[in-house]
2 protein chains.
Amino acid sequence: MTSSTPPPKDRGIPEATVARLPVYLRALQSLTERGIPTISSEDLAATTGVNSAKLRKDLSHLGSYGTRGVGYDVEYLVYQVSRELGLTQDWCVAIIGAGNLGRALANYGGFGSRGFRIAALLDADPDVVGLGVAGLTVRHTDILEDVVVDEGVSIGVIATPAAAAQGVCDRFVRAGVTSVLNFAPVVLNVPPTVDVRKVDLSIELQILAFHAQRKADGNRLGLLDG
Amino acid sequence: MTSSTPPPKDRGIPEATVARLPVYLRALQSLTERGIPTISSEDLAATTGVNSAKLRKDLSHLGSYGTRGVGYDVEYLVYQVSRELGLTQDWCVAIIGAGNLGRALANYGGFGSRGFRIAALLDADPDVVGLGVAGLTVRHTDILEDVVVDEGVSIGVIATPAAAAQGVCDRFVRAGVTSVLNFAPVVLNVPPTVDVRKVDLSIELQILAFHAQRKADGNRLGLLDG
DNA sequence: ACCTGTGAAGCTGTTCACAGCA
DNA sequence: TGCTGTGAACAGCTTCACAGGT
């Protein structure tokens, strides 16, 4: 067994925990900026909107990085969470679709700052190709495969219209990309080795509408019943 | 007991089910457009990427709308799912922040088409106020409260920079909005009566990075072990 | 024969409550 | 005393497998 690396802990971190780590990380980075050296699970839980026991259990999956009676060292925890999330290395991202959404993504500050480098912003529309967006020049979708290989793209972002999404996804997959972030309102078909995450604006609205309706119905019943 | 309304079923639909209903709805609408009158749970599950038993259980929460031996009537199911999600009525939406993301949202076709009307697109920057976006004129954030009251806004969308988000949210809440969709990378503080959903682009990327790293580590171990 | 609707089992995630350490 | 780390109980979700209509 090689022994130079510190025990990177069990790989079996629950999905639910993984989804919360970025939230903790952001809060911790803000604490660093404000020069706060230490934080308790109770306080960190409050600022991130979770239960403190849950937060402790989440962090315990990475290792025992807290000190009983004191709390967590902010800077150390930032490093450990970053490492666990794979943010100590850089990830190359290609964004396909330079419409409103693609441009918004390219301009989104959070990308560059946190270990994500936008290698390319591509579009199929000749009128859009050549435009400058966020320090990038929009290039044509034709070169998708070249970009993936030459720049070592490991995450593909699909910000195309729904009709084009599956085609773009297939090209990503054939070129070797195994992580896809999909903003198009379609269910993508991929081999099981490929990881797809979906962000769907209208679904979020519909979920809100459901709850809004329930609140309205509840009030109406409340008037009838009491 | 009043009897004119059809039994709208138990209000206790699981969150996980609610989150999938919009996906089913989209698939069903596409079936309607293609003139397909009937679909089995197996087929609908395949196109939406879920397990067929899960789909049946999800739909069973709305009522018994299928026919054994046949499947589900597409048009009828579209109606029932729409009704359950509250999409048979219109919801007024106000988008705050007319930067790249706000404009992308305003231009997003899925909004208007599915029972969501954009009542206003507001921004705090005087240079942006007055611009035309997707048939709307950007107005100043100052009138947020007026818009909410006058137009009957029930869903507020926050597409501002992080620093402005909590302030905008507070104003929404004070004006009576109880559903908020937040795109800013902050945890919003709201009273428990208010429903907040969050969409965070960089969190999605970080989750992908975690899995990408795990795949990479796995390969590396594979090389060492075998 | 076919397909829905659902009890039951199993799994994942959350919360409680406290042992154990600083 | 204060706070972490965690077993144990609990709650919610998924999947299986099949009873029960058509």
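This note sets out points on the sheet, the aromatic pairs and the domains of the structure.

1. Basis. The model is predicted, and local features need pLDDT of at least 70, side-chain atom pairs count only at pLDDT 80 or more, and totals for chains, interfaces and linings use all residues. Residues are numbered from 1 along each chain as its sequence is written, chains are lettered from A and ligands numbered from 1 in the order in which they are written, and side-chain values use heavy atoms, with hydrogens and water left out.

2. Sheet of chain A. An open sheet is formed by 3 strands of chain A in the order S1-S3-S2, with antiparallel pairing. Strands (E, at least two residues) and helices (H or I, at least four) are DSSP runs, numbered from the N terminus; two strands pair if DSSP finds at least two bridges between them. Strand S1 (38-39) and strand S2 (66-67) of chain A are the edge strands, each pairing on one side only.

3. Pairing of S2 and S3. In chain A, S2 is joined to strand S3 (residues 71-73) by 2 bridges, and the two run antiparallel. Gly66(A) stands opposite Tyr72(A) of S3(A).

4. Helix on the sheet. Helix H4 (residues 74-85) of chain A packs on the sheet and touches S1 and S3 of chain A, where contact means heavy atoms within 4.5 Å. The direction of H4 makes about 75° with that of S3(A); axes are lines fitted to C-alpha atoms, for helices over the stretch in contact, and angles run from 0 to 180 degrees between N-to-C directions.

5. Aromatic pair in chain A. The whole structure holds 2 aromatic pairs over all chains. Tyr65(A) and Tyr76(A) form an edge-to-face pair, 5.4 Å centre to centre with 75° between the planes. Rings of Phe, Tyr and Trp (its six-membered ring) pair if their centres lie within 6.5 Å; planes under 30 degrees apart count as stacked, over 60 as edge-to-face and the rest as tilted. Tyr65(A) lies in the loop between helix H3 (52-60) and S2 of chain A and Tyr76(A) in helix H4 of chain A, so the pair ties together parts 11 residues apart in sequence.

6. Accessibility of this pair. Tyr65(A) is buried at a relative accessible area of 16%, whereas Tyr76(A) is partly exposed at 39% (buried means under 20%, exposed over 50%, partly exposed in between; 1.4 Å probe, protein chains only).

7. Domains. Chain A is divided into domain 1 (15-85) and domain 2 (91-202), with bounds from an automatic or database domain assignment. The C-alpha centres of these domains of chain A lie 31 Å apart.
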